Amino acid sequence: MNKKEIQHLYWRAGFGINPKHLEFLSSKTRKEVVADLFFQSKEYAPLLIDTSDFDTLTYEQFTKSKKIQRAYIKNSRDKIKELNHAWVDAILYSDSVLREKMTLFWANHFACQDKMIMYVQKYNNTLREHALGNFRDFVKAISREPSMIEYLDLKQNKKDTPNENFARELMELFTLGVGNYTEKDIKESAKAFTGYNYDFEGSFEFNDNQHNNEFKYVFGKAGRYDGDDIIDIILDQKTSAEFICKKLYRYFVNNQINQSHIDEMTQVFYPNYNIESVLHFMFSQDWFYSEEHIGNKIKSPIELIAGISQVTPLSFKNTDQLIRIERMLGQILFYPPNVAGWKGGKNWIDSNTLMLRLKLPSILLSNAKIATNKKGEFYDSFNAYKKGKATNTQFKTSSNWLAFKSNYQNVSTKELPQYILQCSINKGTQDYLETLSINNKQDYCVQLMSLPEYQMC
Amino acid sequence: MCAVNVLARISNVLVMDRRKFIKNSSLASGLFFVPSFVKAFSNHISTETGYKRLVIIQLTGGNDGLNTIVPFRDDNYHRARPTIGLKKDDIIHLDKDLAMHGSLQSLKRLYDKGFVSIINNVGYPNPNRSHFRATDIWQTASRSNQFLQSGWIGRYLDQFGKQPYDAMELDQSLSLALKGENQNGMAVQNAYYFYKTTQDPYLKNVSKHYKEAHLNEHNLGYLYKTMIDAESSAKYLYETSKTVSSSIDYPNNSFANQLKTTAQFINSGLKTRVYYGSLNGFDTHVYQENTHKRLLKMYAEGIDAFVKDLQSKDTFKDTLILTFSEFGRRVQQNSGHGTDHGSANSLFVIGGNLKKPGVYNNLASLSDLDNNGDLKFEIDFRDIYATVLNKWLDVNHETVLLNKFNQLNFI
C-alpha cells in the first residue's frame, strides 16, 4: 500500500501517523493494513478516572441538603474536566485509534450532556464499547443511558403525560433523518418509551406503572410496542441504514455525497447493522483513496490537537488550560452545542478560531514562535515583534521533541511536507517557503504546521 | 489554458448568482419579486454613512422578569413571592400597574425621555427551560422542537453581509447567533489585542504570498480567505477605532467595558451593523435579592453611560439596543429565596426613535399561568426579530428567519 494512501487512511480513521509506523506499514497490502487497523481496536477497554467520591454515594446523602448537593455537583463538574483530559490523552496515545475515532464520531451522533460524572463516564464508555459493534444494540443501549434519559426528558415521559423529545430526536437525528417519519409516528413512539427511568447508581429502571401498554400505531404497524420494538421497527427500514451510511461517508470520505457509494455501503450495512463491516468495506474501496478526497477535510479541533501530538507528543500539564484551548477552538468534549452536535467542516472556522489554530503548533511547541529567517538572514526578525507582545497566553505543556527526532530521523528536511501535510501547498505559499532559510527540521516542522494547509486532512 | 480558467471562473460566478437569485425569489413572497439585477444591487449591506446599527445584549442565565418589571399592585405577585417580592420602597413606578426594580434608576431616566420600550410576555410556544437549549432557540430563532445549526444574525450575514466585521461579538469566542451557513461574524474583546494576534510575521507573509489562481481546493481556499479577512479586518478595526476615545465615565466592570468598546467602534464610524454583548449571572436560584440588585444596577448604569457616549457623537439616533434573556423565571419563589427557570419574559428596546416608547403591552395575568406556573407568552420573540430586520436593518426577514412572522409597532 503506498504511503499517501496509508496516511489518508490514518488521518480519517485515526489521528495521523508518524513516519516510523508509516514505513512499517508500507510494505503491506491494503488488505493487511486495513485488517491491522481493526485488529488494533479489537479490544474494548473503558476509560476510567478516580470517582471514589461518587462510587459509594447514595441518593439520601446526595440530597441531604441543598448545600451538600451543590458541593457534589461542583465536584462532579471538576471530575468531568478530569475525564475530558483523560479522553484527550486516550485520543493522543491509545493504540485503538479507530475505536477512539469512532467514539468521537458517536459522541457527536448521540450528542448528549450531563452534570453527573458517574453517568457521563458510563455514557462515554457505552459509546466506546459499541463504537464498532452492532448499531441496533447500540441505539437500544443509548435509550437506556441515564444521561440520555435525563437529556431528552425520557424521565418526564409518562403514561398520562407523554414527552416526545426523545422519540423525535431518535428519528430525526439518531436513525431516520428529517422527512422520513410523521408527527404521528413520533406521538405513537413516545408512548412506547414511557416508563423509562434510572436509579441513582445509574442502572436502567423500567417503571411498569408509568408504561403505556396500549396499542401504538406507528409506520403502518400496530402493536403493544415497547421502546426496543420501536427501535427495531425503525431500523427495519433501509432508510435508517442509508441515513447512517451517509453520515459516515460525510465524516470519513467527503461532505459531498456520492449516491452510488452510499448504495454500496447501505448494501453492506443493512439489515445486520454491523458497524465494523461497513467501515471495513469503506476503507477497502478504491474510491475511498480517490485523489479528490485526500486532504480536503477541515480538521476538528480535537483532530488538530491530536495531529500535532502525533508529530511531537504533547502532554498538557494543566487541565483547565486544555479545556480553555478546546473552548477557544470551539469544541469542548462532553459539551456539544446541542443534541444535533457540532456541525463540523467550515463551521469550525471563524476569524478567531482560525488565528488560534494557525498559532497553536507554535504556542504548544515553540513558545509561540514561528521562525521567519530569510535565506542569508542572520538575526531573527521575530524578536522585534515579540518585544511588544503581551504574553498572557503561556500554556503549560511539555512537548517531546526527542520523539520527533527519533520518528523523523529517516525523513529529510526536504521531504518533511509530504509527512506533515495532507494537501498540496498553495503555489504562493510554496514560493514564500522557498525564500526561507531552513536551518533545522524542528523550525521547519513548526512552520509547516502553522500553515492553513495543516488545517486539512 | 489561462483563458479557459478565467472563462470557467466567470461562468461559475454566473451560476452562483443565478442559484442565489432563484433561492431568494422562491423564498420571498410574490410581493418582493424584483428583477435579478435590482435584487443583486440591494443584496448586500449598504455602505453609506449614517446607517443603522443594532446592539443585542443577552442577560445570560435567565433574568427574573417579574422582579425587573414589577406588577406591584397585583396581590398574586406578593403572595407568590413572600420574601423576594419587591416592596414599595424597592421600586420605581412606571404606570398605574407596573414599576421598575429600584436598581434601574439610570434606565428610568432614559425611559422618561422616551428612549425605552418595554415589551412584555415575550416567548414562544412549548418553552424550553434548559439554559443551553433556550439560548439556542433564541440565538438560532428556531421553534422549540427544531434544531438549527446557524444563528439568525449569521443567516443575516449569509444573505446580506460582505465583511466578517459586519457583525461583531464583544467576547473571546463567537456565539451561535453570529454563525451562518456560509459566513460568520467575528468575536473581538479588544481591537488592539485582536490586531496583535494577526501580526505574526510568518503568517502575514503567508497570506501576502497566497495565490488564488493556483488554488483548486474549496475548503483550503476558504481558510486562506478567512485568514486574509481576519488580518485586514483586525487592521481596519484597530486603525479605525483608535481614532476616537470616550470622554464618558463608565462603571468599572466587564459589561461596561464591552459597551465602552462598542461605543468606540460605533463612534469611530466602523461599518459594523450588529454588535452582540452579554451580561452573565442571572441564574438566581438561591438568595437572589442582592445578586439581582447588583446585576440590574450594572446593566442600567452601563447602558446609561453607553447612551451618553453615543449621544456625544450623535450616533444614538442610528443605534437600536435590544436586551433579552433566554427565559424568565417561575412566578412562585422557591424555598431558597430564589426563583427557578420560567418562560415568557420582558424585553427592552432602547433607541432614540421609538414609535411606542413606554410599556408596549400589558403584563400577562398572574392568575392565569401555564402548567408549570410560568407566565403565558403573548409575543413571539421572532416577531421582534422580524420587526428589527424589516424596519431597522431594512431587509426582508423571511430569508433570515426561514419563515414569515408578524411585525410589531415599536419602531
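**How helix 19 of chain A meets helix 9 of chain B**

In this predicted model, the axes of helix 19 of chain A and helix 9 (residues 218-241) of chain B come within 9 Å and cross at roughly 105°. Residues are numbered from 1 along each chain as its sequence is written. Chains are lettered from A in the order in which they are written, and local features need pLDDT of at least 70.

Q: Why is helix 19 of chain A called roughly perpendicular to helix 9 of chain B?
A: Angles of 65 to 115 degrees count as roughly perpendicular, and the two axes cross at roughly 105°, so helix 19 of chain A is roughly perpendicular to helix 9 of chain B.

Q: What makes the contact of helix 19 of chain A with helix 9 of chain B?
A: Helix 19 of chain A brings A:S351, A:L354, A:M355 and A:L358, while helix 9 of chain B brings B:L223, B:T226, B:M227, B:D229, B:A230 and B:S233; two residues are in contact if their C-beta atoms, placed from the backbone, lie within 7 Å.

Q: How do the residues of this contact divide into nonpolar, polar and charged?
A: They divide into 6 nonpolar, 3 polar and 1 charged, where Asp, Glu, Lys and Arg count as charged, Ala, Val, Leu, Ile, Met, Phe, Trp, Tyr, Cys and Pro as nonpolar, and the others, Gly among them, as polar.

Q: How many residues of each chain are in contact with the other chain?
A: 43 residues of chain A are in contact with 43 residues of chain B, and helix 19 of chain A gives the most to the side of chain A that touches chain B, with 6 residues.

Key: Predicted model: local features only at pLDDT ≥ 70, side-chain atom pairs only at ≥ 80, totals over all residues. Helix = DSSP H or I, 4+ residues; strand = E, 2+ residues; numbered from the N terminus. Axes fitted to C-alpha atoms, helices over the stretch in contact; angles between N-to-C directions. Parallel < 35°, antiparallel > 145°, perpendicular 65-115°, else oblique.
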